[in-house]
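Please read these notes beside the sequence and the coordinates shown below. The points are numbered so that each can be checked on its own.

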Amino acid sequence: MSGKTAVEWLASVAPDPGPCLREWERNPLGFTLLPAGKAWDVLIVPHALGRPTLDVLTRVLDRPGPVLADFGEACTGFFVPPGTAARWVGTGVRAAGPGTWIVVPHPGRPPSGAVRWLVPPDGSGTLTDPALLELAMHEAAAGRAAGEGGP
């Protein structure tokens, strides 16, 4: 792990990281808006495919990159390298890159709102490889089509 904490790593993408970090620490809801496209992009997958995709990734990786989910279980967001959003071609997957902002919960607090970490960042900058994510999505979709994937 690098010298940065998960909170510092996330806040480093803010236009002004210091005030962002201070406000985030004081915010009782524990959320902040952070710009995608600088240190990471986010691929947002319908949760019915996102959760099984995460299950596949955790079988083949010691630790995937950070993954967000909303409490309504509608979407799962995979943190991938910057530039992925501009190149991603996939039906039903939204890509958040430069010019988009992501609601990000504080990784050191218990879940308390509409978005939570399924895999919190650890500060090291680990991201999910988009090619591996795509393969995991195909395997998860095949498993769902075969009746293995739950709801």
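1. Ala86 belongs to helix H4, where helices (H or I, at least four residues) and strands (E, at least two) are DSSP runs numbered from the N terminus. Ala86 counts as exposed, with 75% relative accessibility; the cut-offs are under 20% relative accessible area for buried, over 50% for exposed, and partly exposed in between, with a 1.4 Å probe and protein chains only. Between Ala86 and Gly18 there are 68 residues in sequence and 29 Å in space, taken C-alpha to C-alpha.

2. A word on the basis of these values: this is a predicted model, in which local features need pLDDT of at least 70 and side-chain atom pairs count only at pLDDT 80 or more, while totals for chains, interfaces and linings use all residues. Residues are numbered from 1 along each chain as its sequence is written, and side-chain values use heavy atoms, with hydrogens and water left out.

3. Thr84 is also placed in helix H4, which spans residues 84-87, and Thr84 is buried at a relative accessible area of 3%. The C-alpha atoms of Thr84 and Leu43 lie 8.3 Å apart in space, although the two residues are 41 apart in sequence.

4. Strand S7 contains Trp117, which is buried with a relative accessible area of 14%, and Leu118, which counts as buried at 18% relative accessibility. From Trp117 to Ala136, 19 residues along the chain, the C-alpha separation is 19 Å; from Leu118 to Leu135, 17 residues along the chain, the C-alpha separation is 20 Å.

5. How many salt bridges does the structure hold? There are three, a salt bridge being a side-chain nitrogen of Lys or Arg within 4 Å of a carboxyl oxygen of Asp or Glu. One of them joins the side chains of Glu23 and Arg26 at 3.9 Å, N to O. Glu23 and Arg26 are three residues apart in helix H2 (residues 17-26), and are therefore separated by about one helical turn. Glu23 is partly exposed at 44% relative accessibility, whereas Arg26, at 61%, counts as exposed.

6. Another salt bridge brings together the side chains of Glu139 and Arg59, with an N to O distance of 2.7 Å. Because Glu139 lies in helix H5 (residues 130-145) and Arg59 in helix H3 (residues 47-60), this pair ties together parts that are 80 residues apart in sequence. Glu139 is partly exposed at 43% relative accessibility, and Arg59 is exposed with a relative accessible area of 57%.

7. Arg63 and Asp122 also form a salt bridge, in which the closest N and O atoms are 3.7 Å apart. Here the pair links distant parts of the chain, 59 residues apart, since Arg63 sits in the loop between H3 and strand S3 (67-70) and Asp122 in the loop between strand S7 (115-119) and H5. Arg63 counts as partly exposed at 31% relative accessibility, and Asp122 is partly exposed with a relative accessible area of 23%.

8. Which residues line the largest cavity? The lining consists of Trp9, Arg63, Pro66, Pro121, Asp122, Gly123, Gly125 and Thr126. A cavity is defined, on a 1 Å grid over the protein atoms alone, as a set of points where a 1.4 Å probe fits but cannot get out, and lining residues have an atom within 4 Å of a point. The structure holds one cavity of 30 Å³ or more, and the volume of the largest cavity is about 30 Å³, a volume being the space filled by probe spheres set on the points. Its lining residues divide into three nonpolar, three polar and two charged, where Ala, Val, Leu, Ile, Met, Phe, Trp, Tyr, Cys and Pro count as nonpolar, Asp, Glu, Lys and Arg as charged, and the others, Gly among them, as polar.

9. At the surface, Leu33, Trp101 and Val103 form a nonpolar patch with about 300 Å² of accessible area together. Patches are made of residues with over 30% relative accessible area and no salt bridge, nonpolar side chains (Val, Leu, Ile, Met, Phe, Trp, Tyr) being joined within 5 Å and like charges within 9 Å, and accessible areas come from the Shrake-Rupley method with a 1.4 Å probe. Trp101 lies in strand S6 (residues 101-105) and is partly exposed, with a relative accessible area of 47%.

Key:
On a 1 Å grid over the protein atoms alone, a cavity is a set of points where a 1.4 Å probe fits but cannot get out, and a pocket is an open set with protein on both sides within 12 Å along at least five of seven lines; lining residues have an atom within 4 Å of a point.
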